[in-house]
Amino acid sequence: MLLQKVVNGGTVNNWICLNFSRNVQDTMARGFCRDLAQMCQISGLDFNLEPVLPLSSARPDQVERALKTRYHDAMIKIQPQGKELDLLIVILPDNNGSLYGDLKRICETDLGLVSQCCLTKNVFKGNKQYLANVALKINVKVGGRNTVLVDALSRRIPRVSDRPTIIFGADVTHPHPGEDSSPSIAAVRFTVIFNGCVTDFSFYSKLQVQILFLSAQVVASQDWPEVTKYAGLVCAQAHRQELIQDLYKEWQDPVRGTVKGGMIKELLMSFYRATGQKPERIIFYRDGVSEGQFYQVLLHELDAIRKAWASLEPSDQPPVTFVVVQKRHHTRLFANNHDDRRSVDKSGNILPGTVVDSKICHPTEFDFYLCSHAGIHGTSRPAHYHVLWDENNFTADELQTLTNNLCYTYARCTRSVSIVPPAYYAHLAAFRARFYMEPETSDSGSMASGATGRYMDVGSGGARNTRVQGANVAVRPLPALKDNVKKVMFYC
């Protein structure tokens, strides 16, 4: 990354820095921020070298007070000129406990400010490669674009560039072992593509011990003809529930009667508003499903897609391709001749882009192993893609090429990644949703086993005071993300 520039650099005119680490002196912190700003310029961003306010230090136990005070001080200075604060750079202690999560929650749901956190150990190192990697993350957080597919520019993405296409990525993040009272967080991440145009959206909600916390975010970004920008919708659901419950929902409203909604419907509507086109293809990458749940997940989630479309357009259902992505398996691939340097990379692993779709795959079903990344340490683990449903009639080469090419568009690095980015981003968004729970709401009683989530009205920006059909818990919305945060890839 040191010798490369981003494709489209974002603009950071107004920024501030806050230091929560007592081990980092103000002089060192100012030098680090200056070096980071210079690296952002070198990487292609339009980055002002001078912050709006001088660097300030604060105690970790006063994070909310420090953030709001510094934010308001900066706005007093720049708001009369019609300007907004673009970025907050934060230096954190290496062991910061809940500080990171509290900071993200306050910035993204209260202040409407994107932030970039850096640990103390990295400040001391002052590594230029680290600064270049941070510049990549900052760029997408301020609306820039890091990479572009050549096939997207020339409109040669198979089965995507020729028709309006929406690509979904979905994942369910479970609590760690021992956290039995925590909710399971589901995330749907999608990319809308029409002639290479990418449009994305977001939703957040959370369920924790008898109380349902919901938050919604919808982002629509036009990114023609590149295939790089993503946003997502996240919902909470019953503990250890693998099926994503909020893909399609029906509930009773006292005024409107039966209301049909859910994540898929909102994303389809957002696609139409952003592109003026109805999607003619749907590609759904689903992560986090074991083989024993394949067809249970397929039946539930494909049915949700169908119902969501029918609630908008009773006829002309678009063809759907449903692909499960697996990383937790024991299959490893090796070159037939390990001494042939043309068939292995410098780490001795198989070359990135290697596909195996015969011999070790299912004899009758459509699946393949794809090693899309270059191994760095140890033996590379290929991703296993199972095509459970394919109405778009992809050939093996077309779907494998599409999946491999998408792996080169991941925003946080300049290399290809091991799984398709929509599924990767879904995991990041689901993990971020854990931070949006207010601290005082995490110590209730036991959770009802039948509790399920309910969807917020994204258009109105607030939750309906209703209950989900069949749900036995009240709805309590999470603080919604601010509009300027929803428009960028804040979760990177």
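Helices (H or I, at least four residues) and strands (E, at least two) are DSSP runs, numbered from the N terminus. By that rule the chain has 11 helices and 20 strands. This is a predicted model: local features need pLDDT of at least 70, side-chain atom pairs count only at pLDDT 80 or more, and totals for chains, interfaces and linings use all residues. Residues are numbered from 1 along each chain as its sequence is written, and side-chain values use heavy atoms, with hydrogens and water left out.

**Whole chain**

Start with everything shown. Of the 492 residues, 57% count as buried. Buried means under 20% relative accessible area, exposed over 50%, and partly exposed in between (1.4 Å probe, protein chains only). Contact means heavy atoms within 4.5 Å. Among contacts with a separation of 6 or more, 73% join residues 24 or more positions apart.

**The largest nonpolar core**

Select Trp-15, Phe-47, Ile-138, Tyr-285, Tyr-385, Leu-402 and Tyr-425. These touch the most other members of the largest nonpolar core, which has 67 residues. Such a core is a set of buried Ala, Val, Leu, Ile, Met, Phe, Trp, Tyr and Cys residues joined through side-chain atoms within 4.5 Å. Helix α5 gives the largest share of this core, eight residues. Domain 1 (11–142) and domain 2 (150–434 + 475–487) each supply at least three residues. The domain bounds come from an automatic or database domain assignment.

Now centre on Leu-402. Not counting residues up to four places away in sequence, Leu-402 touches Ile-157, Pro-158, Val-160, Ile-283, Tyr-285 and Phe-394.

Next, pick Phe-168, Phe-284, Phe-294 and Ile-305. They are included in a second, separate core of 28 residues.

Move to Ile-282, in strand β15 (residues 281–287). Is Ile-282 buried or exposed? Ile-282 is buried, with a relative accessible area of 1%. Leaving aside neighbours within four places in sequence, its contacts are Ile-166, Phe-168, Ile-305, Pro-318, Pro-319, Val-320, Thr-321 and Asn-392. Draw a distance from Ile-282 to Pro-319: their C-alpha atoms are separated by 6.2 Å, though the residues are 37 apart along the chain.

**The second largest pocket**

Select Tyr-100, Lys-137, Arg-412, Arg-432 and Cys-492. Of the 21 residues lining the second largest pocket, these lie nearest its centre. A pocket is an open set of points on a 1 Å grid over the protein atoms alone, with protein on both sides within 12 Å along at least five of seven lines; a cavity is a set where a 1.4 Å probe fits but cannot get out; lining residues have an atom within 4 Å of a point.

The pocket's volume is about 310 Å³. Strand β6 gives the largest share of the lining, five residues. By class, the lining has 12 nonpolar, four polar and five charged residues. Here Ala, Val, Leu, Ile, Met, Phe, Trp, Tyr, Cys and Pro count as nonpolar, Asp, Glu, Lys and Arg as charged, and the others, Gly among them, as polar.

**The cavity**

The largest cavity has a volume of about 50 Å³. A volume is the space filled by probe spheres set on grid points, which are joined across faces, edges and corners. Select its lining: Val-140, Gly-144, Arg-145, Asn-146, Thr-147, Thr-228, Lys-229, Thr-409, Ala-411 and Met-489.

**Two loop residues**

Finish with Arg-155, in the loop between α6 (150–153) and β7 (165–173). Its phi is near 55°, a positive value in a residue other than glycine. Arg-155 is partly exposed, at 41% relative accessible area.

Asn-393 sits in the loop between β19 (383–390) and α9 (396–406). Asn-393 also has a positive phi, about 55°. Asn-393 is exposed, at 54%.
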